[in-house]
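Here's a quick tour of a protein chain. Have a look at the fold first, then read on.

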Amino acid sequence: TLHDAAPDSRLLIAPGGPVLQGQLTLTAAADDIAANGTLTAVAAGRAGILLIDPATLQVSGSYHDDEDYIRLALHGDHLLAATRAGDLLCLDIHDPHRPRLLSRLTLGGAPTALSWHGGHAYALLDEHSLQIIDTRDPARLHTFATVRLAQSAQTLTDDGTHVLLAAGDDG
């Protein structure tokens with residue numbers, strides 16, 4: 001888990017308790033982070049995506065182009081990266097030193113939250129719209145469904161069976 005220490009740096013805190021394991025100073029602001037235990041991905045806006053080895057706090061690799069990356073979701077050897085322009089990219093990160101673009105999907109807007117488990121990813125596009133993306137073939141992402149929400153939602157997560165939304169105007 002990364003916690004803010006100062007506007008320009010992040011600290012790695014061990015899951016078993018608040019034991020500082022090290023510090024990694026980033027050259028750009030972190031918009032989002034995703035981790036799977038063996039790799040941590042950081043969305044750094046127009047600076048791209050950093051792939052970090054959490055054991056050494058060293059940057060293993062990066063992916064950058066002209067996009068402004070804002071949301072990430074990591075699943076196995078694949079990373080979903082959403083842009084402020086409303087695109088969703090799927091990267092093969094089997095070799096974190098050489099991430100490779102597999103596919104790109106245009107969403108209905110820039111996601112405020114992104115979650116991925118198994119064969120589906122979920123993008124909260126605005127407070128009232130949830131887009132479900134079929135990820136069973138990461139090289140061919142496509143929209144499975146778009147759901148209008150009755151209440152406003154601020155964020156989401158999923159457990160592989162259910163999508164959980166933090167919804168309502170009161171939090």
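Strands β4 and β5 make a hairpin, with 4 residues sitting between them. Gly-37, in the turn, has a positive phi of about 100 degrees. The two strands, residues 32-35 for β4 and residues 40-43 for β5, run antiparallel and are joined by 4 bridges; pairing here takes at least two DSSP bridges between two strands. Across the pair, Ile-33 stands opposite Val-42 in β5.

## What you're looking at

This is a predicted model, where local features need pLDDT of at least 70, side-chain atom pairs count only at pLDDT 80 or more, and totals for chains, interfaces and linings use all residues. Residues are numbered from 1 along each chain as its sequence is written, and side-chain values use heavy atoms, leaving out hydrogens and water.

## The whole chain

The protein chain has 17 strands and 0 helices. Both are DSSP runs numbered from the N terminus: helices are H or I with at least four residues, strands E with at least two.

Of the 171 residues, 46% are buried, meaning under 20% relative accessible area with a 1.4 Å probe, protein chains only. The chain exposes about 9,000 Å² (Shrake-Rupley, 1.4 Å probe), and carbon and sulfur atoms supply 50% of that. Take the contacts (heavy atoms within 4.5 Å) between residues at least 6 apart in sequence: 34% of them join residues at least 24 apart.

## Around Ser-129

Ser-129 lies in strand β14, residues 129-134. Ser-129 counts as buried because its relative accessible area is 7%. Leaving aside residues up to four places away in sequence, Ser-129 touches Ala-123, Leu-124, Thr-146, Val-147, Arg-148 and Leu-149.

Terms used:
Buried < 20%, exposed > 50% of the residue type's maximum accessible area, 1.4 Å probe, protein only.
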